[in-house]
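Look at the structure first.

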Amino acid sequence: MGKKNLISITDFTKEEILRIMEFAADFEKNPYQPLLNGRVIASLFFEPSTRTRLSFESAINRLGARVIGFADTANTSVSKGETFHDTIMTISNYCDMIVMRDSREGSPRYASEISKVPVVNAGDGANQHPSQTLLDLYSIRKTQGTLDGINIMMIGDLKYGRTVHSLLQALSHFNTTFTFVAPPELEMPVEYKEYLNERGLKFIEKREIDDTINEADIVYMTRVQRERFSDPMEYERVKNVYVLRNSMIADTKENMRILHPLPRVNEIDTDVDSNPKAYYFKQTENGVYVRMAIISYLLGAKK
Ligand code: CP
């Protein structure tokens, strides 16, 4: 296999997605597989992160590789004015893979075009978050027993929430039914709705969390992405638009599970946390196994 990147979830076929699911299940059974002894992976976070960076770094360590990199650019030569191009050209000489996050949409794609080593997009602006999508799929498969025919309700910031964009594209392989709940300012962008239309997939749009929540297999909550708003007043207007409370899920299906990529702000009340349908903290654990799977797959280290 030549250099293989993961920039958009559409870089992976359905078969590759399913292979990542199998690898991740194997890593969950045995999370200490030193398949990458002696390798070095760069973790470059130009934008803040807790889960993605630390679960990637945990995955790298569990695979026996070593991590170099930075969690912000303050102590790098970016602060002296070095360009993104020169930063990537330099670091790709030091490692076997680059995992990177950036607020600028498209910068991981650009990095992959100039880097000697594979690049994994750990989130670029409001665009894509493909490793999150793979762990979301893994969480859906684990809790529902299948990826096929799921009814998913996506709630919140569907405009700027990159996780829902890549998840929608991935789920389009699996005959999914979608309900989008968002205010007009934050509704699912038209290009993603066209993506579903072109594939003959059903979706409905709502402004409120109503009784259709009782038909959902997965309720996927999202945070209103304050950092993407150019107008702070607009953020203030919509920031608490939906708050999921325990009382609202009393009549939901037995198999229903609540996912959230996290961090949460106010969109899930803490009274939901002890409900067995709350899956969002277990979801973060799945991220380690899935990221072990992604890294070992892209580096051809696991068969
Ligand atoms: N889910 C997610 O991307 O979380 P972080 O921003 O903490 O990495």
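The crossing of α2 and α9 is right-handed, meaning that the near helix is turned clockwise from the far one by less than a right angle. The model is predicted; local features need pLDDT of at least 70, side-chain atom pairs count only at pLDDT 80 or more, and totals for chains, interfaces and linings use all residues. Residues are numbered from 1 along each chain as its sequence is written, and side-chain values use heavy atoms, without hydrogens and water.

From α2, the contact (heavy atoms within 4.5 Å) takes in R51, T52, S55, F56, S58, A59, I60 and R62. From α9 come T284, G287, V288, R291, M292 and I295. By class, this contact has six nonpolar, five polar and three charged residues.

| Pair | Axis distance | Angle |
|---|---|---|
| α2 (residues 51-62) and α9 (residues 280-298) | 8 Å apart | about 55 degrees |
| α3 (residues 84-91) and α4 (residues 107-114) | within 10 Å | roughly 50 degrees |

Axes are lines fitted to C-alpha atoms over the stretch in contact, and angles run from 0 to 180 degrees between N-to-C directions. Helices are DSSP runs (H or I, at least four residues), numbered from the N terminus.

α3 and α4 are therefore oblique to each other. α3 passes α4 in a right-handed crossing. On α3, the contact uses F84, H85, I88 and M89. On α4, S107, Y110, A111 and I114 take part. The class count here is six nonpolar, two polar and no charged residues. Nonpolar means Ala, Val, Leu, Ile, Met, Phe, Trp, Tyr, Cys and Pro; charged means Asp, Glu, Lys and Arg; the others, Gly among them, are polar.

Terms used: Helices (H or I, at least four residues) and strands (E, at least two) are DSSP runs, numbered from the N terminus. Angles under 35 degrees count as roughly parallel, over 145 as roughly antiparallel, 65 to 115 as roughly perpendicular and the rest as oblique.
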